[in-house]
Every structure is written in structure tokens, then in C-alpha cells.
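Please keep the sequence and the structure in view while you read.

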Amino acid sequence: MRIAEVVFNLSLDKGFDYLIPAHLSAQLQVGNRVLAPFRTGTRSGYVIRLKNHSSVQKLKTIISLEDEKRQIPPALLTLAAWISDYYCCPRENAVWAMLPAVVRKGEMAHKQIFYLTLTPKAAAFDAQFEALSKKQQDVIRILHRVGALPLKELLGLVEAGERSINRLCAEGWLLKEKRVVERDPFRDTIIQPDQPKTLNQEQAHALDQIKLSLDRQDASTFLLHGVTASGKTEVYLQAIQHCLDLQREAIVLVPEISLTPQTCDRFRQRYGNRVSVLHSGLSDGERFDEWNRINDGRSQIAVGARSALFAPFRQLGLIVVDEEHENSYKQEDSPRYNARDVAVVRGKLEKATVLMGSATPSLETYHNCRTNRYKLLTLRERIADRPLPVVELVDMSQERVMTGQSSIFSRRLKDQINDRLHCGEQVMLFLNRRGFASQMLCSKCGYAATCTNCSVAYTYHRKEAQLLCHLCGAQMPAPQKCPGCNDPEIRYTGFGTEKIEAVTRALFPTALVARMDSDTMTSKDSYRKILDAFRSQRINILIGTQMIAKGLDFPNVTLVGLLQADQGLNLPDFRSGERTFQLITQVAGRAGRGEQPGLVVVQTYTPYHFALQAACKQDYVAFYEAEIPGREALDFPPFSRMIMVHFRGREESQVSETALAFAEKLQPLLKADVQAIGPLPAPLSKINTYFRYQLLLRGRDVRAMSAALRSLLPVYKHRKCDIYLDVDPRSLL
């Protein structure tokens, strides 16, 4: 008796045993999608285990196999089990994460269109041919010249209609057949082939170490720590070539969808159609076809954001995690995995080498190198001996004293922008806040426009004349006078990228200015269009949020300005200094990547903070040595592990009571060295009508903490208060 354990997408955190019918016994494998009876109906699920015995007495029987192809490779099911255990999520949530939604739903099919080809009868232009109408003869002549054509394309080239073409098919002149046509996400791009570059000594040494690991299949994890523009991507490319030479496959992860087109272009220049792309910016059809290309073995390289880690390769040899420090590798919904860390686990499971790269690695990753868990490879110099950009700190408090007023642009930055525009060079301006103004405030009665759903102020967007909440999306028309006292003198305080754009256009009227943030990037082609325009120098000044902070390479950018560079330093998060250092260093790295040297102007009110000083020198080691003692003294990661327990509900009293009761029951289950902080209201205490409380656990043994929490969660399935866990949280907000 053969039995299959099947999971369904129901968040029950358990599998169900089913008998395998005789006619499916030889076909059915682990990873298949099946249709099975469930309660009073039927459901689709995935087979996660085959076995010979079950504790259930009366088993139902699987109805059918929904797809003959094995959909989830066994190694990915093993990875899903690890994710479920480590990140404290239902097993089925982890299994479902292995597949794009469009694939696991089973609703999408391959695109098929009609093609027309000539039959042997049409090979000779004989008397029968002469008897055809002129339009029919034109059809045959075109197909003689170009071969097979899609029906719609052929109809666009001739005056004949579909009825006339169908008659030619019926009379044996043409063959009409359906063919599978893949939806190509690269159809609008032209790629020029590229050749491997000559490596410098540091690059060559790094590549040799990676090749050795690939040859040995020892599942080593490397950190390629290289300053900006040091040639990390070329090392990735040549490492992948060695991986392909060994008949193995590679995954390349990038942190932002906005970086995917540029990265894909680099890899397709080298490897052509061997590259597939996987990210949420594709259409459903494109994702379906790209996933199937990988699953069928017709593609050997997958490039994409977080979920590309689960590309269904069977001979995986290399996983590249570019900009490994980025928070976007952390999934916000269940399963709340960190793709960087899961990449290391997949590498161990499949004997694949993992190569992380960053100019500003996370402290956890660099600490793993210091403690010999990972291997450190260093690129200290930019390629072609180009100098790092000069970084200048401008103290805006001194600027205010000298000018008598607060200003968005310092005199130094304005002068430098004028100089660069005069020389035909390009400028990037960075501010990590979108919108026109950060708050609407009445100076007479003190009224501040605050979102009723969330515990934050509305942001003013002038173009739409709207007040918008950036947490829940709520919006309202911007009032003409104060809702509290009817005073018409409403003030808008603070500023965002929309205001920077308006001020820039006013100060530099001859410059071509563009803005790149989530308000302007509204379609899947928006990223490519604006970056192509900037690359071709049809834009002089590019203003943006963190979208422009990393990974972009524009040789004509010689000036970068950071406005309010210290705005993240005062957040209630122990990583605020690290994130500020990373952001400044990454943005600064966009300058001076061509022949001309670069300059970075950093505007700040806290110029003597050690994170800014280290970023000014672009000295990561100095920052690490200054930051790590405080982490160790306070027992923060990487010296401890953390789990955040979130409580969320629409009734604050219910949330508070549940959180307190949960913490009381949990305390006896924890080891003596575990510190429980809270429960307390979250820093953002209300989002989208939900009140939020947090309980932070900090200790050495993350699995022991997870086990204690997991044992308690079923007891607190409270309808009025959701409880969810975030293991290794990247943010405490």
C-alpha cells in the first residue's frame, strides 16, 4: 500500500495521508500537484512525502495527478521543511513559496498561436499555381521567401483574408498548425554581445577561490567585499561561466526589481538565451514561461529578486546574492524568510557555492567572516585604478546660521550642480522620502493632518493636491484652510522628492530633470525607460529615493548630493547607524564611475556621528570596529538572536490583554538566558486600522525560542487578535 502525504494551502501546518490509486502508482512523485478529496469537496495540493504506513485508519484516495511534470524538486521540498521549522511558519506556506503564484494555481497555460507553412504541393509554380488568385499567389510567394509565419503576421503582409488562406489549406497548398510561443520579457530590448574582461590581481584571486569551491562542490559561502565600482559583477560573470563549464546552473539575486533589467542586460550580453528572469514585475504569462524554461532545463541562469532563489534547478552550482545587506531580501509575509540566509542553506543542501557581494556588508555577514564561518574576498580598488569619489560633509546647522534661514540646497551643492551642468556632466540627488511635504500643520491652532487609520501624519502630494498615508494608502483632498480653526494660512513642513524636483527645476531651469520613486514608477517599463534616458544623457539631473542608491552604473555621473543624510539616525532601531552608513556609501558610489572623478556632497545636521564620518571616508572596517563593541555590550546581533512576536487587532484593549497573557504563559517555557522585552505598543502603534503590540525575545538559541513559541501559538488562535512571528527581524518598527 503506497501512501502520499499531501499539504493544502490552508495554514493548518499539517499534511494529510491519501492512498495512491494503482493507475498513478508509477507516475506520482514527491513534488507533484494532485487533486484530492477534502472534507465535502476537492482541493489541489502538493505531495511532500511518499510512505508505506499511516496512523489514519480510513484513508481517502487521490483523484488525479494535475500535472505530469514534477513541479517542485525534492531539494526544494527539503528547503521548505527547513524554512517552516526555522521561521516558525506553517509547512504549506513554505511549500507554496517554492512556486510563483501563476504556476501553483495551475490556471495558466502555454501560449499557442497558429502558424502557416508551405506543403510540398506549393514548391513548384506550375499551372495549378497560375490558376490561383493573385492574393493567394502573394501568400505562397511570401511564405517561399520567409518560411513559416504566424497567421496574424501573414494577414498583415497580404491583402488576402483568413477565408482565402483557409481555402489554400483545404486545397493542400498550406499547412496550418498550432505552435507554443513563449512570452518574452526581453522582446523590446536589443543586446550587444559582450566578452569577458581582463581581471586585475584582486579580482583574479577572488575568482580562483570561487572556482576551487565549485570544483570541489564543498558548498562554501564567500563574501566578496569590494568598494563601489571595484568590478564585483565581472567576478560574478566569470564565476558563472566556470559553473556552466561544469554542467551546473546558477542563480543571481538582486535586491530591487528596478535593478533587475540592468542586471539581466549584463548577463544576457554574456550568456544570451541561457538567462531567465524571475520577479514580480513580469506579467503572469511571462513568469509562467520563464519558470517553465528553467523547469524544462532550457535555461541555466536565473536572475531576479527574492523569490528567484527558488528557481527549480536540479544541478545548482552557484548562488550569487548581490548587495547582500539589503533589507528587501527579507520577506514581509509568511513565510518571513531572509533570502540571503536561505541561500546559504540551499547551498548546503545542494552542494552549491554561495557568493555574497557588497561594498557595505551587514554586520552579521562580516562577523561571520571574522569568525571563519564564511570566507572573505576583498576588492580594495576600483577598476582601471579610478579613484573613489571625494565625499564632503556640509553642516546644515552652520549653513542656517550663515544664511539666516533653513534651505534645501546648501550653497556648496548649488555651486557644484551649476558647474557639472556647465561641463555637460550628470547629477544624482538622493532623498529617502517621497511626496512634496511630510506634514500639514496649522501654526495658529496646532492642528496636524494625521491618518485616522494609522499613527502617522499624512504626506502632502502637490501634483494630485492630495494628502496621502504612505502606510495604508488612505488619501483625502488637501484642504484650502485649517479643518480645526478655518485659518487659511496652512503650512506644509518638511520635504520629499516631489518638492526637491520642483525646487530643482526652479533653480536650474535649463536642466532636464526627472524623478524616480514609487510615485513615478507606475508601470513595469518605467524603470527601464527612465534609466535608459539617463544613460543616453537625455536627463541631466536624476532625483530619487533608495531606488537610485545602489547597483546603477552611469559613467557620466560626477556629482551626487545627499539631502538630509542623517534622517535615519534617530529611528528607534539598533541598526539605524548601520543603515545610514550603508545608504551614504552606496549612494556615494554612483559618482565618478567613468573617466572624470566624482564628488559627493552630504548635507547633515549631525556631521560628527561616527557612521557619517566612516561613510565620508568610505571605510567599512572603521565603521565595523566602531559599531561592533556596542552591539556586543548590549547583546544585540550578531552576538544574539532575536524573534519579534507581533500582536495585531482592531480593538486595542483586546490586543493588549492578549499580548500580556501570551507573555505570561511564555516566560516559564524560555531558557534562563532569554530576555523578553515587552509586550509594548509598536513604534508605529496603528497601521491600517490595526493596533499593534510587540514582544521581543533575545537569546543565543533561536531554535529553542522558536520551539517555545510554536508550542504556545495554537492556544492563542484568537479571532480578534492575530499573532505572528518574525525570526531574525530586520526592523524593530
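Five strands form an open sheet with antiparallel pairing, and their order is E2-E1-E4-E3-E5. Strand E2 (16–19) and strand E5 (64–65) stand at the edges with a single partner strand each, so one side of each is left without a neighbour in the sheet. In these names, helices (H or I, at least four residues) and strands (E, at least two) are DSSP runs numbered from the N terminus, and two strands pair if DSSP finds at least two bridges between them.

The model is predicted, so local features need pLDDT of at least 70 and side-chain atom pairs count only at pLDDT 80 or more, while totals for chains, interfaces and linings use all residues. Residues are numbered from 1 along each chain as its sequence is written, and side-chain values use heavy atoms, with hydrogens and water left out.

Inside the sheet, strand E3 (residues 33–38) pairs with strand E4 (residues 41–51) in the antiparallel sense over six bridges, and Arg-33 stands opposite Tyr-46 in E4. Another antiparallel pair, strand E28 (residues 675–687) and strand E29 (residues 690–699), is joined over seven bridges, where Lys-686 has Phe-691 in E29 as its bridge partner. E28 and E29 form a hairpin with two residues between them, and in the turn Asn-688 has a positive phi of about 55°.

What lies in the interior? A nonpolar core is a set of buried Ala, Val, Leu, Ile, Met, Phe, Trp, Tyr and Cys residues joined through side-chain atoms within 4.5 Å, where buried means under 20% relative accessible area, exposed over 50%, and partly exposed in between (1.4 Å probe, protein chains only). The largest nonpolar core has 113 residues, and those with the most contacts inside it are Phe-310, Phe-647 and Phe-662. Helix H1 (residues 74–86) gives the largest share of this core, six residues. A second, separate core has 29 residues, among them Leu-207, Cys-264, Val-277 and Leu-377. Leaving aside neighbours within four places in sequence, the residues in contact (heavy atoms within 4.5 Å) with Phe-662 include Val-645, Phe-647, Leu-695 and Ile-723.

How many disulfides does a search of the whole structure find? The search finds zero, a disulfide being counted as a pair of cysteine sulfur atoms within 2.5 Å. The sulfur of Cys-89 is 8.2 Å from the closest cysteine sulfur, in Cys-88, which is too far for a bond. Cys-89 is buried, with a relative accessible area of 3%, and Cys-369 is buried as well, at 8%.

Most residues other than glycine have a negative phi, and most peptide bonds are trans. The table lists exceptions.

| Site | Feature | Value |
|---|---|---|
| Ser-334 to Pro-335 | cis peptide bond | omega about 0° |
| Pro-637 to Pro-638 | cis peptide bond | omega near 15° |
| Gln-618 | positive phi | phi near 50° |
| Asp-728 | positive phi | phi about 55° |

Pro-335 is in the loop between strand E13 (316–322) and helix H12 (339–350), whereas Pro-638 is in the loop between helix H20 (620–633) and strand E27 (641–649). Gln-618 belongs to the loop between helix H19 (610–617) and H20, and Gln-618 is buried, with a relative accessible area of 13%. Asp-728 lies in the segment after strand E30 (722–727) and is buried too, with a relative accessible area of 16%.
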